[in-house]
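Colleague: I have the file open and would like to go through it with you piece by piece. Can we begin with a loop and move on from there?

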Amino acid sequence: MTDAPWRRTAAAAGLLGSTGEIAPTIFAEMTALATRTGAINLGQGFPDFDGPAVVLDAAQRAIRDGVNQYSPGRGHPELLEAVAEHQRRWYGLGTTTAEVLVTAGATEALAATMLAYLEPGDEVVVFEPYYDAYAAIAGLAGARLVPIPLSPPTFEPEIDRIERAFTARTRMVIVNSPHNPTGVVFDEDVLREIVRCAERRDALIVTDEVYEHLVYDGRHVPIAAIEGARDRLVSIGSGGKTFSTTGWKVGWLVSTPERVTQILSVKQYLTFVNGAPFQPAIAAGLRMDDEAFDTLAATFARKRDLLTRGLRSVGFTVPDAQAGYFVLADGTGLGFANATDLARRLPELAGVVGVPLAPFARASRHDLRPWMRFAFCKRDEVLRDAVDRLGALRGLAQAPSS
């Protein structure tokens with residue numbers, strides 16, 4: 001029987017497993033392993049604690065007040081205004097509500113944007129390692145990724161590699177800064193070079209900025225603040241990571257009114273609308289004072305430091321994460337040169353689950369094989385317990401595995 005078009009597309013995107021069916025993500029595999037073994041799950045990036053009371057109280061109030069049916073197609077007016085205010089307040093941008101679209105998390109914003117603008121044969125420039133949804137969505141649109149490698153141990157972008165990635169077929173560049181999974185924050189020289197190359201190739205710039213308020217040294221600089229960017233830009237944000245409400249799936253994008261309309265024409269056939277009572281709650285979060293945002297960042301920075309010190313004490317090599325929910329760890333010094341193997345054995349060896357970095361990149365990225373990603377968005381006592389358990393690896397140091 002002839003393969004269905006979705007199967008051919010999925011195969012091209014690398015979504016099919018050895019059986020020919022859609023393969024589970026590494027997150028699903030590792031989370032299932034944690035559930036089955038009772039291991040501490042530092043693999044998936046969700047907090048095990050609640051967000052600010054002002055946000056949670058606003059959601060409860062909205063439910064009591066009857067905000068429980070479909071919201072308007074572009075989003076609850078209160079959230080549209082709060083996002084526009086947020087862009088003006090933090091970045092000095094003249095954003096209006098006509099430039100905002102509320103989505104089911106940042107992932108739907110990415111999907112709707114990519115499906116609205118990509119055609120078969122288009123190229124999408126990304127920085128590798130990358131969030132796995134980029135490859136999946138590009139593949140479903142018939143486009144292909146052109147990765148710019150971020151190399152260990154610093155994972156900093158190399159400016160001279162950026163221009164080489166852009167070609168006549170480049171339709172889009174995805175800029176994920178603060179970056180998942182590395183925790184790197186792109187500096188302004190890198191952002192300016194991206195804008196210059198996008199202008200030269202008339203490419204759309206799509207940003208993934210879900211960690212914008214979880215930067216631990218300095219402040220986030222959006223590419224929207226770089227001269228020449230806004231005319232070709234779709235900026236994507238989310239309340240889930242900042243306010244520890246990942247299950248609410250409330251995100252947004254900011255672009256020109258014309259692009260918002262085009263993206264909405266796709267988005268209306270995805271979720272249509274979502275999370276009605278959570279939208280005014282996220283609006284309340286965006287309107288918190290500066291001190292509240294500083295406290296959130298300081299809380300996560302302390303957790304980062306706790307896990308980083310613990311992993312280093314065990315024998316992992318751990319670069320400093322500048323932002324986000326995650327730290328990277330190289331187990332070569334412990335004799336574990338293949339992080340995928342280690343990830344599958346770690347629940348048995350130490351009662352902890354992490355995620356290997358290799359699935360965030362092409363199979364040819366052998367320099368990423370020893371690296372794992374651990375989430376620090378957990379209660380302090382959970383992180384301490386995880387570090388204590390990982391201490392069991394000290395006695396297992398061995399010759400580096402293949």
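Colleague: Where does valine 215 lie?

Modeller: Valine 215 is in the loop between β6 (204-208) and β7 (233-238), where helices (H or I, at least four residues) and strands (E, at least two) are DSSP runs, numbered from the N terminus. Before going further, note that this is a predicted model, in which local features need pLDDT of at least 70 and side-chain atom pairs count only at pLDDT 80 or more, while totals for chains, interfaces and linings use all residues. Residues are numbered from 1 along each chain as its sequence is written, and side-chain values use heavy atoms, with hydrogens and water left out.

Colleague: Is valine 215 buried or exposed?

Modeller: Valine 215 is buried, with a relative accessible area of 10%; buried means under 20% relative accessible area, exposed over 50%, and partly exposed in between (1.4 Å probe, protein chains only).

Colleague: And what does valine 215 touch?

Modeller: Not counting residues up to four places away in sequence, valine 215 touches Pro178, Val185, His220, Ala297, Gln322 and Ala323, contact meaning heavy atoms within 4.5 Å. The C-alpha atoms of valine 215 and alanine 301 are separated by 8.4 Å, although these residues are 86 residues apart along the chain.

Colleague: Pro178 is in that list; what joins serine 177 and proline 178?

Modeller: Serine 177 and proline 178 are joined by a cis peptide bond, with omega about 0°, and proline 178 is found in the loop between β5 (170-175) and α8. The peptide bond from proline 152 to proline 153 is cis as well, with omega near 5°, and proline 153 is in the loop between β4 (144-149) and α7 (159-165).

Colleague: Switching to sheets, what is the order of the open sheet of three strands?

Modeller: The order is β9-β12-β11, with antiparallel pairing, where two strands pair if DSSP finds at least two bridges between them. The strands β9 (326-330) and β11 (355-356) stand at the edges with a single partner strand each, so one side of each is left without a neighbour in the sheet.

Colleague: How many bridges join β9 to β12?

Modeller: Five bridges join β9 to β12, and valine 327 has phenylalanine 374 as its bridge partner in β12.

Colleague: How many residues of β9 are buried?

Modeller: Five of the five residues of β9 are buried, so this strand is largely enclosed by the rest of the structure. Phe326, Leu328 and Asp330 are buried on one side, and Val327 and Ala329 on the other, which leaves both faces of β9 covered.

Colleague: On to charges: how many salt bridges does the structure hold?

Modeller: The structure holds 26 salt bridges, a salt bridge being a side-chain nitrogen of Lys or Arg within 4 Å of a carboxyl oxygen of Asp or Glu. One of them joins arginine 219 and aspartate 294 (3.3 Å, N to O). Arginine 219 is in the loop between β6 and β7 and aspartate 294 in helix α11, so the pair ties together parts that are 75 residues apart in sequence.

Colleague: Which residue forms a salt bridge with glutamate 193?

Modeller: Arginine 196 does, with the closest N and O atoms 2.9 Å apart, and both residues lie in helix α8 (residues 188-201), three residues apart, about one turn of the helix. Glutamate 193 counts as buried at 13% relative accessibility, whereas arginine 196 is partly exposed at 36%.

Colleague: Last one: what is the phi of serine 244?

Modeller: Phi of serine 244 is near 55°, a positive value in a residue other than glycine. Serine 244 lies in the loop between β7 and β8 (251-254) and counts as buried at 11% relative accessibility. Lysine 249, in the loop between β7 and β8, also has a positive phi of about 55°, but lysine 249 is partly exposed, with a relative accessible area of 40%.
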